[in-house]
Amino acid sequence: MNGIINLYKEAGMTSHDCVFKLRRILGTKKIGHGGTLDPDVEGVLPIAVGKATKVLEFMTESGKVYEGQVTLGFTTETEDASGEIVEKTPVTKKLDEKLVDATMQEFVGPIIQIPPMYSAVKVNGRKLYEYARAGQEVERPQREVTIYDFERTSPVTYEDNLARFDFRVACSKGTYVRTLAVDLAAKLSYAGHMSSLKRSASAGLQIEQAHKLSEVANFKDEGRIDEILMPMEYGVADMVRLDLSDEQFERVKVGKFLEVSEIPSQALETQELLATFYQDKLVAIYMPHPTKKESYKPKKVLIEN
């Protein structure tokens with residue numbers, strides 16, 4: 001059994017829980033997920049089965065799209081709706097929605113984030129949430145992430161001295177959307193938090209085609225698992241693609257370099273990874289050579305020579 005499953009992770013379980021349950025449902029141990037989701041967050045969780053686990057690292061590295069809600073008026077220790085309130089700033093007047101939109105645009109592009117204390121980032125060998133649960137504060141490492149798009153998707157509504165609005169964000173790996181919501185609120189001069197979140201796309205997989213665990217179990221019981229088991233090529237669906245000629249294929253399958261003249265302009269512009277295909281089968285992942293600027297080198301060859 002080999003391929004990619006577009007799993008709809010439901011709230012209340014960890015990504016590891018999903019993998020554990022799928023191992024029992026599918027009767028195979030070689031399963032992994034492409035990008036952790038917090039227990040309270042639902043949405044797309046790419047799952048790799050069998051040989052498709054070879055592309056897991058690229059699924060994890062891919063960009064994500066989230067849909068959620070920001071609440072202004074109080075912030076919590078976890079930066080989402082599950083934590084204890086730590087600061088209140090009642091919203092007593094209506095916000096200028098144009099100002100909200102303009103402020104959101106200030107976050108588009110490379111930004112620096114400080115991970116929340118309730119996160120799995122490690123400091124001195126311990127996860128931050130372990131320090132947080134022990135009531136300990138430690139210096140948190142900054143990280144650079146990229147926000148590709150950040151927009152408000154609903155009117156601002158008001159209730160009980162709170163203001164709420166929905167948003168959609170497309171972002172790079174490693175982005176803490178909770179922190180993005182808190183930082184946006186702060187720029188609007190309010191305490192705030194992320195009150196709900198759903199991942200609507202990851203690694204080229206869309207939420208409209210995702211299947212819950214119960215549905216996967218039904219497909220397996222009915223002998224129809226192949227209907228939702230996609231080829232591992234889906235694991236690199238959001239990468240720039242290069243279809244190889246016969247001559248290029250002979251070079252790529254043994255790990256030889258590709259010249260810049262052979263690389264699609266989109267990959268050259270972004271300096272991102274390149275997925276090479278031959279006869280619609282994924283052959284290898286290539287990357288810009290760190291020192292030889294005229295070449296791309298193989299990051300991983302995925303076919304057996």
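**Reading strands, helices and turns**

Tutor: Ile285 stands opposite Lys300 in β19. This is a predicted model, in which local features need pLDDT of at least 70 and side-chain atom pairs count only at pLDDT 80 or more, while totals for chains, interfaces and linings use all residues. Residues are numbered from 1 along each chain as its sequence is written, and side-chain values use heavy atoms, without hydrogens and water.

Student: In which sense do β18 and strand β19 pair, and over how many bridges?

Tutor: Strands of a sheet pair through backbone hydrogen bonds, either parallel or antiparallel. Strand β18 covers residues 281-288, and β19 covers residues 295-301; strands are DSSP runs of E with at least two residues, and helices are runs of H or I with at least four, numbered from the N terminus. These two strands pair in the antiparallel sense over five bridges, where pairing requires that DSSP find at least two bridges. They form a hairpin with six residues between them.

Student: What stands opposite Leu274 in β18?

Tutor: The residue opposite Leu274 is Tyr286 in β18. Strand β17 (residues 274-278) and β18 pair in the antiparallel sense over five bridges, and they form a hairpin with two residues between them. Strand β18 is mostly covered, with six of its eight residues buried; buried means under 20% relative accessible area, exposed over 50% and partly exposed in between, with a 1.4 Å probe and protein chains only.

Student: In what order do the five strands form the open sheet?

Tutor: The order is β15-β17-β18-β19-β16, and the pairing is mixed. Because β15 (240-243) and β16 (258-259) each have a single partner strand, they stand at the edges, and one side of each is left without a neighbour in the sheet.

Student: Which residues have a positive phi although they are not glycines?

Tutor: Gln279, in the loop between β17 and β18, has a positive phi of about 50°, and at 65% relative accessibility it counts as exposed. Asn161 has a positive phi of about 60°. Asn161 lies in the loop between β11 (157-159) and β12 (162-171) and is partly exposed, with a relative accessible area of 45%.

Student: Which residues are buried in helix α6?

Tutor: An α-helix has 3.6 residues a turn, so residues three or four places apart point the same way. In α6 (residues 213-221), Leu213, Val216, Ala217 and Phe219 are buried. Down the axis of α6, these buried residues fall within an arc of 160°, so they line one face of the helix; the arc is that of the directions from the helix axis to the C-beta atoms. Their cover includes β1 (3-9) and α1 (15-26). Just after α6, Gly223 takes a positive phi of about 70°.

Student: Where is Thr103 found, and what does Thr103 touch?

Tutor: Thr103 is found in helix α3 (residues 97-105). At 5% relative accessibility, Thr103 counts as buried. Leaving aside residues up to four places away in sequence, Thr103 touches Leu184, Lys187 and Leu188, contact meaning heavy atoms within 4.5 Å. Contacts also link two helices: Cys18, Lys21, Leu22, Ile25 and Leu26 in α1 meet Leu213, Val216, Ala217 and Lys220 in α6.
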